[in-house]
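Subject: Structure handover

Hi,

Here is the structure I promised to pass on. Please open it first, then read my notes below.

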Amino acid sequence: MKKVLTLSLCVVVYYLLSSFPNSDAQVLSTPGVISTADELQRLNQLTQINDSETHRLLSHFYNSEYADVNRPYTPYAVVNIAARESTAMEKQFKDDAHAARAMAILWHITYDDKYMLKAIEIIRGWSAKFEGFNVTKGHKRQAYLEAAWVTPVWISAADAVAMGGQNNAWTNTDKEMFKHFILKLQDYFEKAYRDNNWGASATLAQIATAVYLNDSKLYQQQLEKFNYYLKTLTNSDGSMNADYLSDPWHPQYTLIAMIQVAEIAFNQGDDLYGTTFGKETLPRLALVLEHMASLFLGERPNPDGLKKGNYKGAHNNKQGYQIAYNHYFNKRQMKREQLPLFAKLVDKWAVNETSPLFMKWDRITHDQTVTSAHEDKP
């Protein structure tokens, strides 16, 4: 009887203690999914910069289909997807996510409330209707990857909305519906962990979710996942494993996801960008960027055994590199001669439209103009 009472008392104490907040838990800062509050606020300064490249980028952004406030959007309860191809529903789902984020970014640039209201309308529509995926071709796990790709886009859109104008239009009901929308997606992408680009993409989706939902335990797990994948999928000479010899785009999915994970973590005060292994004198991610830049610029030939495609120029419809450039050369103030080819790559990079698989427009959100680095330019 005494043992039963002791056990019962322990259970009660456990539940009482677990009901109190953990004082050691990290409080995560939002907005923080790819852009901080300061970075979003500085977007309005872009319109004041007398720089031809900035004007070109803004003009292209304004003329994008995603930036059209009258662009129709179509929420579905069930999104049909297929492996190795894009269905009409899948395209709509991804494009609507990018459109919502574009609208939110446009509000921060222009302070025109029509954009904020449109962003909220799109997010609200999908949050209220979406139930899940149906894989029409290929293995059902394709849904895990699709969810991993699209979730950070939706979260970064909501992140920017919560920070912006017309706050009374982004209601508590909207926030709760959006939370359940993300949790439905999480049921899929939490199963995407594999030792290739899938795992990196899953880590990106999970860390974005952790920050948005202020889940410090999930967040810490993703820091560990990042270190695991960085060590497992890359080498100290900058080359990559898993997808490196399959084609020039799948390894970029790994690299882009890692850049965006590192940026989200840096916004929370954790420096994944500086991770090294063994006797490395430069961060592993920087070594990989320099190696890949040598391939993209044609300074290094395609690796022996490449099965498909050509690395030279393969970065020109991808994104994320401006984010890493901004971190290493502006925030971290590394010397350009430490990463000469990567510096050259981004200097010459005039990409406009990029893949819909990851958050777009880092040339606008993370260009050096946004961090006032152009003040030092002649």
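Which helices each supply at least two residues of the lining of the largest cavity? They are H3 (52-62) and H14 (362-365). Helices (H or I, at least four residues) and strands (E, at least two) are DSSP runs, numbered from the N terminus.

Some ground rules before the rest. This is a predicted model, where local features need pLDDT of at least 70 and side-chain atom pairs count only at pLDDT 80 or more, while totals for chains, interfaces and linings use all residues. Residues are numbered from 1 along each chain as its sequence is written, and side-chain values use heavy atoms, with hydrogens and water left out.

Cavities

A search of the whole structure finds four cavities of 30 Å³ or more. On a 1 Å grid over the protein atoms alone, a cavity is a set of points where a 1.4 Å probe fits but cannot get out. Lining residues have an atom within 4 Å of a point. Grid points are joined across faces, edges and corners, and a volume is the space filled by probe spheres set on the points.

The largest cavity has a volume of about 130 Å³. It is lined by 15 residues. Leu57, Val351, Asn352, Trp361 and Arg363 lie nearest its centre. By class, this lining has six nonpolar, four polar and five charged residues. Here Ala, Val, Leu, Ile, Met, Phe, Trp, Tyr, Cys and Pro count as nonpolar, Asp, Glu, Lys and Arg as charged, and the others, Gly among them, as polar.

The second largest cavity has a volume of about 70 Å³. Its lining includes Pro31, Arg101, Asp159 and Thr365. Helices H4 (88-110) and H6 (142-163) each supply at least two lining residues. H6 gives the most, with three. The lining divides into six nonpolar, three polar and two charged residues.

The peptide bond from Thr30 to Pro31 is cis, with omega near -5 degrees. Pro31 is found in the loop between helix H1 (2-18) and helix H2 (37-42).

The largest pocket

A pocket is an open set of points with protein on both sides within 12 Å along at least five of seven lines. The largest pocket has a volume of about 740 Å³. Of its 29 lining residues, Arg84, Gln142, Leu145, Trp149 and His250 are closest to its centre. H4, H6, H8 (197-212) and H10 each give two or more residues to the lining. The largest share, four residues, comes from H6. The classes are ten nonpolar, nine polar and ten charged.

Arg84 has a positive phi of about 65 degrees, although it is not a glycine. Arg84 is found in the loop between strand E1 (78-82) and H4. Most residues other than glycine have a negative phi, and most peptide bonds are trans.

A helix pair

The axes of H10 (250-267) and H12 (321-331) come within 9 Å and cross at roughly 50 degrees. Axes are lines fitted to C-alpha atoms, for helices over the stretch in contact, and angles run from 0 to 180 degrees between N-to-C directions. That angle makes H10 oblique to H12, because angles under 35 degrees count as roughly parallel, over 145 as roughly antiparallel, 65 to 115 as roughly perpendicular and the rest as oblique. Contact (heavy atoms within 4.5 Å) involves residues including Leu255 and Phe266 of H10 and Tyr321 and His327 of H12.

Best wishes
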